[in-house]
Each structure stands twice: as C-alpha cells, then as structure tokens.
Amino acid sequence: MAAAADGLGSIAIDTTQLNMSVTDPTAWATAMNNLGMVPVGLAGQQLVTDSICVSGFDPSLSMMTGITPINPMIPGMGLVPPPPPTDVPVVKEIIHCKSCTLFPPNPNLPPPSTRERPPGCKTVFVGGLPENATEEIIQEVFEQCGDITAIRKSKKNFCHIRFAEEFMVDKAIYLSGYRMRLGSSTDKKDSGRLHVDFAQARDDFYEWECKQRMLAREERHRRKMEEDRLRPPSPPAIMHYSEHEAALLAEKLKDDSKFSEAITVLLTWIERGEVNRRSANQFYSMVQSANSHVRRLMNEKAAHEQEMEQAKESFKNALTGILTQFEQIVAVFNASTRQKAWDHFSKAQRKNIDIWRKHSEELRNAHSEQLMGIRREEEMEMSDDDSGDNPSKKLRVDESALAAQAYALKEENDSLRWQLDAYRNEVELLKQEKGQLFRTEESLTKDQQLQFLQQTMQGMQQQLLSIQEELNNKKSELEQAKEEQTHTQAVLKVLQEQLKSAKELAEINGHDESQANEVNVLTVALVNQDREKNSEKRSQGLKSEKEALLIGIISTFLHVHPFGANIEYLWSYMQQLDSRISANEIEMLLMRLPRMFKQEFTGVGATLEKRWKFCAFEGIKTI
C-alpha cells in the first residue's frame, strides 16, 4: 500500500473534491469519464465528444476483458487536437497504455525545464525510466508521438529516441514530468518520473546541414536562373580580318539594312590594328563607303524634321478647332447669364452655370495662351530669315555660294591627296617586291605597272595643282567680295544719313521736289564715284609700302637663285627680317604678280618639289 501511495503521490487532488456524495451520479460520471471510462450502470453524458475518440471504441471492454483502456486524449496519431496556446494552462490527464500507466504531474508545479533546441533536432533524451522498463514498453509509450527510427537504451534508466520527423519531438516533450508505472505493481523498480529533453545528435545535425546545403544550392540555382534571364544577350563575335571577310564587309557597308552591324566590325578591326600598308586601300574604300552614308542620314533627318513640322501644324490646327469650340461654349454661358434668360433659372441652376462658365473661361484662356506661344515661336523663326528688301542679301548669297564652292574644292583636294598617298604606298610595295624577286616576266609586268602608276601620279599631281590654283582664286574672290560688302554697307549708311539731313533741310526751307531729285542725283553720283574708286583700287597691284618692300627683297633673293627656291626656304629667309610674316602671306603675294614670279615643279614621285622663280626680266624681253 505504501508503494501505491508513493505511485499516486504526484497526483494533486484537492480535499474538497473528496467530499462529494457517493450517491451523486453526475459527480461519479465526471470522475470516471476523466479516467477514460464510461461508468457502468450510471446514467450520464460523456465529457469527451465522440469526434475526438477512436471510432468504434467501446470503453466497457476494459471491464470485461481486463484490457487497460486507451486514453483518447493522448498526443499523437491524430487523436488529440493541437496543443492550446501558452497563455492557457494545459490540463494533463492520465494516459493508459497496454503495459503501463502514465500519471500527470502536479499542475501547481512549474513546467519541466528543457535545454536549447539544437538545429534539426529529431532525437530526445528520456530520463527517469523505471528500472524494469524494456525497449518494447518505451516504444509502446513513445510510438504514439510518431514513427521511431531508433532507440538507444542505457543501463542507467535513460535512453535516446530518434523520430522520423522534427515535429514528433514536440509531442514527446509533452510527456516530460509524467510518472510512469508498469502494470499495477507498486514496486519502486516498476515506477519512475519521466524527464524528456532535446538531445544533440550528430546524425540530426548532419541531416540538417545536408538539408541547408540543398536549400542553398536551390537558392543559388534560382538566383543564377534569374540573373541569366535578366542579363542582356552577349554581342555577336567579331570575325578576324581577311581579304575575303573584307570584301564581304564592303558589300554589307553598301547595304542600308546591314550598315550598323558592318560598321561595328570595321571599328573593331581598326582598333585591333589590322590596318597596314597592304590593307590600307581596302580599309580606305570601306571608310569611304561609311562616309557615303552621311548623306542618307541627313536625308532621314530632314524627313523626320518634315514629319515633325507636319505634326506641329496638325497640332496647331487641332488646337485652333478646340479653342473655337471653347469660344462657342463661353458664348452660350454668357448668353445664359443675361437677364432675359437668367431670371427663369433657379438659384441652384444659376450657381452651376456660373461655375461652369468660370471653368470654361479658364480653359479657353489657357489654350489661347498656348496657341499664342506657338505663333510667337513661328514669328521668331520667320524673323531670323533675311527679308527680300535687304540690299546686302545678294552679296550674302554670293558669299555663301563662293564658300560652298571653296569647301567642295577643298574636299576634292583632300580626296585626291588621299588617293595619291594610296598610290605611293602601292608603288613602295611594288618596289619592295621587285627587289626580292628575279627578273622574270612577272617583274617586267610590275615595271609596266610602275610606269603606269607613275603616269597616273603625274596626272593626279597636275590635277591637284590646278585645283589648288582654283582654290586660291576662289579665296581671293571671296576676300574681294567681303571687302566690297563692307564698303557698300558703309556707303549705304553715309547715303542714308545724307538723305535724312537733306529731307530735313527741304522740310525746313520749304523747297519743292526738284531739290529732292537733285539730292537723289547727288547720291547716285557718289555711289558711282565709289565704284570707280573700288575699280581703281582693284587695278592696283600693291596695297601698301610694306608689300612693295617685300616684293623688292623677294625679287633680289630669287634673282640670286636662278634655279628657284621653295616657299619654306624663302619664308625662313624673310623671317630673319620680319618675324611676324607667314608663309601663306608670301605665297599669296607671289601669286598676285604672275608677270614677276612663276611657279615650277621639279622631281618625280616622292621627290616632287614646288619652286618659285623670278621672271620679270623675261616679260620685259618679250615686250
């Protein structure tokens, strides 16, 4: 009896509960129902509903067969609802198993302490087992919490139990604090207080690490897939330079649809350093093809600008139509506010009409300001253009035409110079190949090619010289036109002032129209006189004393050098006398006097040199 008393000592029963009447059927039914049994021969209602009990379970079997009844409130196997929140006190009940009985701890005692849960914990430590407890009894008790994978029992009344899943450990921790009694024995070796706690096992930690690594791999794979999806596509590979690829690229450069791709390849080849003496001509032709697309791009730009102008015009027309409709709506509101119609509206209707009128007027004013701004911009653009009544417009047009011609000649000069350099490179390559090879038929053909190239070079040089002369002439004409323009503007200003003063005098003295005609005749005479002076200035060869002095020094210098001298040599000599003089100024002065100085070319190919000679005495002899 002492053992039985010791086994039941952990059950806290209030003394007030023992004072219930034995004849009270409700009290007995409550007590028996808490033990998981329906009282026999007593009428009462079960406290545990059938929804959480095992289906088809008959509690009266324990009375007839001696089988210990199963408590339907045991955690595990889905027989109990999830544990209540922590703020609600947990009421633990007696648990009946086949080989043992578990009595709950005193609810007034603090809950049993547990260690910090290791990551991925699936193993629990169970201490306080009865000495006579076997692995079968332990498995019978804890297999209701979940599938057990291993039980490691020690000889010192404790064991380690490993479950299949982590959530099963929480159900096993629920049994901590229960007193376990084997069968109905009262021996101390058949009873013990259970202590269930988390256990740190290497297998659990290894599985947890494997799972974390798998999740990390999945996360890296997901991020990589996302980066690959968001990464822009790689540019296509650029092929290496060869003559075949260069020929194909030249064809692509001429095609508008493939120009962007081809120009990228050309840029890459040039940056790689594929240009050399042998491939310079091919690269030059490709660069020239790229330059030919400039005109197409300018035409496209002009077309887009025209579309923009059309869009502006259509927008202005639509805005004008909207403004007209706003004017009509405001006129309707103004007509409605007159007394003839205003008196027939109610107060609320008048208020709404007034609000609508003000809103429409604001919108109309805003649109009107926008339209006026567009018109002001157009007027400013029109004012930038020169009017037809401007007297200097013709001179400006001539000046622009001369500038355009000079620019065209300069471009042609540059292109011819580039072609000349290309031919020089070809000649040098042919010379190198000629020195390496024997005198065979191929060498003879190369000599013929050299002669042909030299002839073409001489022709190109002559064209270049003629173009340079034309360019210099155009420049001189352009300077003369600028001087004429400035002079005519000054004369016009003076004449305008004279006309104003003459008109004022005519108004003061009261003269008739004859005096005004005399003034006009006077102005025309002044203009003609200025023109004659300009023609005289043009006919003069020298403009200042400095130019006369320069011509004397240059004539002396060139007379001493009968075979002539180039412009650099002459300029270096003149700089000793005047450091501010330039070679271009000396050359322009020599070109203005063709009867005194003439220009000759000596040498062939790379040794071609331009020399100036003094020829004034030859002109005197011919006269």
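Which residues does UniProt list for "coiled-coil region" in its unreviewed entry? I looked this up before anything else. The entry gives residues 287-314 and 406-498. UniProt positions follow the numbering used here, feature names are shortened, and annotations may be inferred rather than shown by experiment.

**Ground rules**

I am working with a predicted model, where local features need pLDDT of at least 70, side-chain atom pairs count only at pLDDT 80 or more, and totals for chains, interfaces and linings use all residues. Residues are numbered from 1 along each chain as its sequence is written, and side-chain values use heavy atoms, with hydrogens and water left out.

**The listed stretch 287-314**

I checked the secondary structure of residues 287-314. This stretch is 100% helix and 0% strand. Its end C-alpha atoms lie 41 Å apart. Helices (H or I, at least four residues) and strands (E, at least two) are DSSP runs, numbered from the N terminus.

**Whole chain**

I noted 18 helices and 10 strands in the chain. The chain has 623 residues, and 26% of them are buried. Buried means under 20% relative accessible area, exposed over 50%, and partly exposed in between (1.4 Å probe, protein chains only). The chain exposes about 43,500 Å². Carbon and sulfur atoms supply 55% of that area. Accessible areas come from the Shrake-Rupley method with a 1.4 Å probe; for residues, only the protein chains shown count as cover. I also looked at contacts (heavy atoms within 4.5 Å). Of those between residues at least 6 apart in sequence, 62% join residues at least 24 apart.

Next I traced an open sheet of 4 strands. Its order is S1-S2-S6-S7, and the pairing is antiparallel. S1 and S7 (191-193) are the edge strands, each pairing on one side only. Two strands pair if DSSP finds at least two bridges between them. In general, strands of a sheet pair through backbone hydrogen bonds, either parallel or antiparallel.

I went through the pairs in order.

- S1 (residues 95-96) and S2 share 2 bridges. They form a hairpin with 3 residues between them. Ile95 stands opposite Leu102.
- S2 and S6 (residues 179-182) run antiparallel, joined by 4 bridges. Cys100 has Leu182 as its bridge partner.
- S6 and S7 are antiparallel, with 3 bridges. Arg179 has Arg193 as its bridge partner.

**A look at S2**

Which way do the residues of S2 (residues 100-103) point? Cys100 and Leu102 point one way, and Thr101 and Phe103 point the other way. All of these residues are buried.
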